[in-house]
Amino acid sequence: MHRAMRSLIQEVLTRVATDGLPGKHHFFITFDTMHPDVEIADWLSDRYPGEMTIVIQHWFDALTVTDEGFSITLNFGDSPEPLYIPFDAIRTFVDPSVEFGLRFENQDEEDDEEEDEAPMQEMAEPEEEAPQKGAAQVVSLDSFRKS
């Protein structure tokens with residue numbers, strides 16, 4: 001089941017790499033920064049030990065999708081940083097514009113994982129400051145998680 005959901009994420013990101021983001025779509029992707037195949041700058045892993053959420057929305061570059069994961073360049077304070085995120089490091093994938101989200105509970109035992117496939121309930125637009133051109137935003141998805 002999780003393999004199928006990760007394939008869906010792969011398909012969505014492949015379309016974005018080819019055609020760009022349609023309409024008001026944007027994605028919050030939370031991933032395990034300690035996953036052995038994640039490649040991020042040392043200062044990012046120091047700042048976000050455990051997990052990090054990226055937003056694919058206004059500015060991104062070099063989005064490349066493979067069967068194992070994706071690479072992307074995002075701006076962090078006008079400093080472009082390349083990232084590589086394997087699909088099995090993803091903990092949540094959310095598109096708030098259509099109230100869609102996936103959550104992967106247990107990264108260690110994929111066969112026993114359960115995920116939240118239902119549409120997000122009571123989803124509010126995340127509070128955002130006016131984004132500076134080229135600035136990436138890291139947000140917390142705690143408000144989207146079920147208790």
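The questions and answers below go from the overall fold to single residues.

Me: How many helices and strands does the protein have, and in which pattern do they follow one another?

Reply: This is a predicted model, and its secondary structure amounts to two helices and seven strands. Read along the sequence, these elements follow the pattern α-β-α-β-β-β-β-β-β.

Me: What percentage of the contacts with a separation of 6 or more is made by residues 24 or more positions apart?

Reply: Of the 147 residues in the protein, 42% are buried, and the accessible surface comes to about 8700 Å², with 46% of that area belonging to carbon and sulfur atoms. Among contacts with a separation of 6 or more, the share that falls to residues 24 or more positions apart is 56%.

Me: Which element supplies the largest share of the largest nonpolar core?

Reply: The largest nonpolar core has 28 residues, and those with the most contacts inside it are I9, I29, L44, I54, F70, L83 and I90. At least two residues of this core come from each of α1 (2–19), β1, β2 (51–56), β4 (69–75), β5 (80–86) and β6. The largest share, four residues, is supplied by α1.

Me: Which strands form the edges of the open sheet of three strands?

Reply: The order in this open sheet is β3-β4-β5, with antiparallel pairing. Two of its strands pair on one side only, and these edge strands are β3 (61–65) and β5.

Me: What angle does the direction of α1 make with that of β3?

Reply: Within the sheet, three bridges join β3 to β4, and the bridge partner of T64 in β4 is S71. Helix α1 packs on this sheet and touches both β3 and β4, and its direction makes with that of β3 an angle of about 140°.

Me: Is D67 buried or exposed?

Reply: D67 is placed in the loop between β3 and β4. Because its relative accessible area is 61%, which is over the 50% cut-off, D67 counts as exposed.

Me: Which residue is joined to D67 by a polar contact between side chains?

Reply: Leaving aside neighbours within four places in sequence, D67 is in contact with Q10 and F87. D67 also lies 8.3 Å from S7, C-alpha to C-alpha, although the two are 60 residues apart in sequence. The polar contact, at 2.9 Å, joins the side chain of D67 to that of Q10.

Me: Is D32 buried or exposed?

Reply: D32 lies in strand β1 (residues 27–32), and, not counting residues up to four places away in sequence, D32 touches V38, G50, E51, A89 and R91. Because its relative accessible area is 14%, which is under the 20% cut-off, D32 counts as buried.

Me: Which residue in β6 stands opposite F28?

Reply: Strand β6 (residues 90–95) is mostly covered, five of its six residues being buried. Four bridges join β1 to β6, and the two strands run antiparallel. In this pairing, the residue of β6 that stands opposite F28 is V94.

Me: Which residue in the turn between β6 and β7 has a positive phi?

Reply: Four bridges also join β6 to strand β7 (residues 100–103), again with the strands running antiparallel, and D95 stands opposite F100 in β7. The two strands form a hairpin with four residues between them, and the residue in the turn with a positive phi, of about 50°, is E99.

Terms used
Residues are numbered from 1 along each chain as its sequence is written. This is a predicted model: local features need pLDDT of at least 70, side-chain atom pairs count only at pLDDT 80 or more; totals for chains, interfaces and linings use all residues. Side-chain values use heavy atoms; hydrogens and water are left out. Buried means under 20% relative accessible area, exposed over 50%, partly exposed in between (1.4 Å probe, protein chains only). Contact means heavy atoms within 4.5 Å. Two strands pair if DSSP finds at least two bridges between them. Accessible areas come from the Shrake-Rupley method with a 1.4 Å probe; for residues, only the protein chains shown count as cover. A nonpolar core is a set of buried Ala, Val, Leu, Ile, Met, Phe, Trp, Tyr and Cys residues joined through side-chain atoms within 4.5 Å. Axes are lines fitted to C-alpha atoms, for helices over the stretch in contact, and angles run from 0 to 180 degrees between N-to-C directions. A polar contact is a pair of N or O atoms within 3.5 Å; within protein, one must be able to donate a hydrogen and the other to accept it, and residues adjacent in sequence count only if both atoms are side-chain atoms.
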